[in-house]
Amino acid sequence: FTIDKGSASGVAVQDPVITADGLVGVVSEVFLTSARVTTILDVANNLSVYNLRTRDTGVVTGTVELSQKGLCKMLQIPRDSGAAVGDLILTAGSGGIFPSGLVVGKISAIYPEANGISLYAEITPMADIQSVRDVLVLTSFTGQRSAGGTGASELPADGSSAESGADSESGSSDSSAGGAEDVNGSSSGSSDSSSSPDPSGN
């Protein structure tokens, strides 16, 4: 999907995109006044995560089949893991793209891998990715890989979806904030955006 804040508002490629409920995805393309977001349901996304209860680490990615159900997949879970349905999955923060501790989702099912060495889990995102309208773009945070990231900064913006291929829906909303103020008028540098995800999870 597309939001109505771009490079003119400080949004950059690889900025994390979240809601109050959890992680949505990452900015994948940036234009002057808009940006394209690739969600965690997309097969192109791979993020390091950990299980809050067991501390097991793994990688969350998307698959074509699961994305149609609004789910993603956690790989590389140890065979002897105590992971269980309902466990909360958070970002690990390695790689510098996502800060540590962002809520990704909850385990909805666990299965053995074909190799018999490890397990994988289906993850239900906490954010309602398939119908999300309002998002925040994290433009700066401690440990961010891109230059200039110190502290948690967000850029407020009401966003609009724009046509980007046959799968995108078109819609818009009026901008209610800009610069470094959120929709409540506090100085936090966040981007709050309305959007219409397309069926492919982008």
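Val24 is buried, at a relative accessible area of 0%. This is a predicted model, so keep in mind that the number is computed from it. Val24 sits in strand S3, which covers residues 23–30.

What does Val24 touch, leaving out residues up to four places away in sequence? The contacts are Phe1, Val17, Ile18, Thr19, Thr39, Ile40, Ala127, Ile129 and Val135.

Next, the core. The largest nonpolar core contains 34 residues. Leu23, Leu47, Val60, Met74, Ile89 and Ile123 have the most contacts inside it. At least two residues of this core come from each of S2 (16–18), S3, S4 (35–39), S5 (46–51), S7 (72–78), S9, S10 (118–125) and S11 (135–140). S3 gives the most, four residues. As background, nonpolar side chains in soluble globular proteins tend to be buried together.

Take Ile89 from that list. With residues up to four places away in sequence not counted, Ile89 touches Val49, Tyr50, Asn51, Val60, Met74, Leu102, Val103, Val104, Gly105, Ile107 and Ile123.

Now the barrel. Six strands form a closed barrel in the order S5-S6-S7-S10-S9-S8, and the pairing is antiparallel. From one strand to the next, the twist averages 40 degrees. One of the pairings is S8 with S9: residues 88–91 and residues 103–112 run antiparallel and are joined by three bridges. Which residue in S9 is the bridge partner of Leu90? That partner is Val103.

Key
Residues are numbered from 1 along each chain as its sequence is written. This is a predicted model: local features need pLDDT of at least 70, side-chain atom pairs count only at pLDDT 80 or more; totals for chains, interfaces and linings use all residues. Side-chain values use heavy atoms; hydrogens and water are left out. Two strands pair if DSSP finds at least two bridges between them. Axes are lines fitted to C-alpha atoms, for helices over the stretch in contact, and angles run from 0 to 180 degrees between N-to-C directions. Buried means under 20% relative accessible area, exposed over 50%, partly exposed in between (1.4 Å probe, protein chains only). Contact means heavy atoms within 4.5 Å. A nonpolar core is a set of buried Ala, Val, Leu, Ile, Met, Phe, Trp, Tyr and Cys residues joined through side-chain atoms within 4.5 Å.
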